[in-house]
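Student: I have a structure to study today. Can we go through it by question and answer?

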Amino acid sequence: MPAATADHFTVDKLGRADLVQEISTGEGRIVKITGTPDARTTSILVRGSNKLILEEADRSLHDALCVVRSLVKRRFLITGGGAPETELSVQLQKWSRTLTGMESYCVRAFAEAFEVIPITLAENAGLHPITIVTELRARHVEGDKYAGISVRKGKVTDMREEHVTQPLLSNI
C-alpha cells in the first residue's frame with residue numbers, strides 16, 4: 001500500500017538511494033536522486049510555496065508520466081509544435097474543395113477544428129495566435145509539413161531542427 005501522506009511513511013515503504021543532490025540549472029534547482037537499486041516504484045515528493053504551485057506541479061508531473069506511458073505503449077514519435085494538426089487541417093481543407101454540398105462543409109469544419117491546437121499553443125506561449133497560425137498555415141500550404149510553433153524562439157520553425165517531438169499515441 002502506498003504512503004499517501006508523510007504520516008503514513010514507515011520503514012517498509014521507504015527506498016534507498018546512493019546519492020541525493022540538489023543541482024542548480026539555468027532555470028532553477030532540481031533534486032537528482034541516483035543509485036536506486038532494483039527500484040520498481042518511486043515516490044516523488046513535491047514542494048511548493050502554496051497550494052496553487054503544488055497543484056500545477058502535480059498536473060505537470062501527471063502530463064510527463066502520460067508521455068512516458070505513451071512511449072512505452074507505442075514507440076513512435078512525431079513532430080510537435082502544432083505541425084501534425086496544421087498539416088491535417090491543410091490537407092483536409094484541400095480535400096474539402098473537391099467535395100460538394102454538406103460533405104464539403106463538414107470536412108472544412110473538421111479541418112478548422114484541428115487549428116485549435118496551434119492556436120492554443122500560440123496563446124499559451126504569449127504569442128499573437130492569428131499572426132502565428134496564419135504563418136504556420138502558409139508554410140504548410142507551401143509544403144513545409146514539419147513547420148510548427150517554437151515556443152522558445154517565439155516563431156514558426158522546422159520542428160525537426162528544434163528537436164520538438166511528441167508521442168504518436170498522444171495524438172491518436
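Tutor: Let us begin with Arg-59. At 42% relative accessibility, Arg-59 counts as partly exposed. Buried means under 20% relative accessible area, exposed over 50%, and partly exposed in between (1.4 Å probe, protein chains only). This is a predicted model, where local features need pLDDT of at least 70, side-chain atom pairs count only at pLDDT 80 or more, and totals for chains, interfaces and linings use all residues. Residues are numbered from 1 along each chain as its sequence is written, and side-chain values use heavy atoms, with hydrogens and water left out.

Student: Which side chain meets Arg-59 in a salt bridge?

Tutor: A salt bridge is a side-chain nitrogen of Lys or Arg within 4 Å of a carboxyl oxygen of Asp or Glu. Helices (H or I, at least four residues) and strands (E, at least two) are DSSP runs, numbered from the N terminus. The bridge spans 2.8 Å, N to O, and the partner is Glu-56.

Student: How many salt bridges does a search of the whole structure find?

Tutor: Arg-29 forms one with Glu-22, the closest N and O atoms being 3.7 Å apart. Arg-160 and Asp-158 meet in another, at 3.0 Å, N to O. A search of the whole structure finds six.

Student: Is Asp-158 buried or exposed?

Tutor: Its partner in the salt bridge is Arg-160. Arg-160 is partly exposed, with a relative accessible area of 46%. Asp-158 has 11% relative accessibility, so Asp-158 counts as buried.

Student: Where is Thr-157?

Tutor: Thr-157 counts as buried, at 9% relative accessibility. Not counting residues up to four places away in sequence, Thr-157 touches residues including Arg-139, Tyr-146 and Glu-162. The place of Thr-157 is in strand S5 (residues 155–158).

Student: Why is helix H2 largely enclosed by the rest of the structure?

Tutor: H2 covers residues 83–96 and has 14 residues. Among its buried residues are Ala-83, Glu-87, Val-90 and Leu-92. H2 is largely enclosed because the number of its 14 residues that are buried is 10.

Student: Which residues is Lys-145 in contact with, leaving aside its neighbours within four places in sequence?

Tutor: Lys-145 lies in the loop between helix H5 (129–141) and strand S4 (147–150). Its C-alpha atom and that of Pro-84, 61 residues apart along the chain, are separated by 7.7 Å. Contact means heavy atoms within 4.5 Å. With those neighbours left aside, Lys-145 is in contact with Ala-83, Glu-87 and His-140.

Student: What is the angle between the planes of Phe-110 and Phe-114?

Tutor: The structure holds one aromatic pair. Rings of Phe, Tyr and Trp (its six-membered ring) pair if their centres lie within 6.5 Å; planes under 30 degrees apart count as stacked, over 60 as edge-to-face and the rest as tilted. Phe-110 and Phe-114 are four residues apart in helix H3 (residues 101–114), so about one helical turn separates them. Their pair is edge-to-face, 5.1 Å centre to centre, with the planes at 75 degrees.

Terms used:
The expected span of a helix is 1.5 Å times one less than its number of residues.
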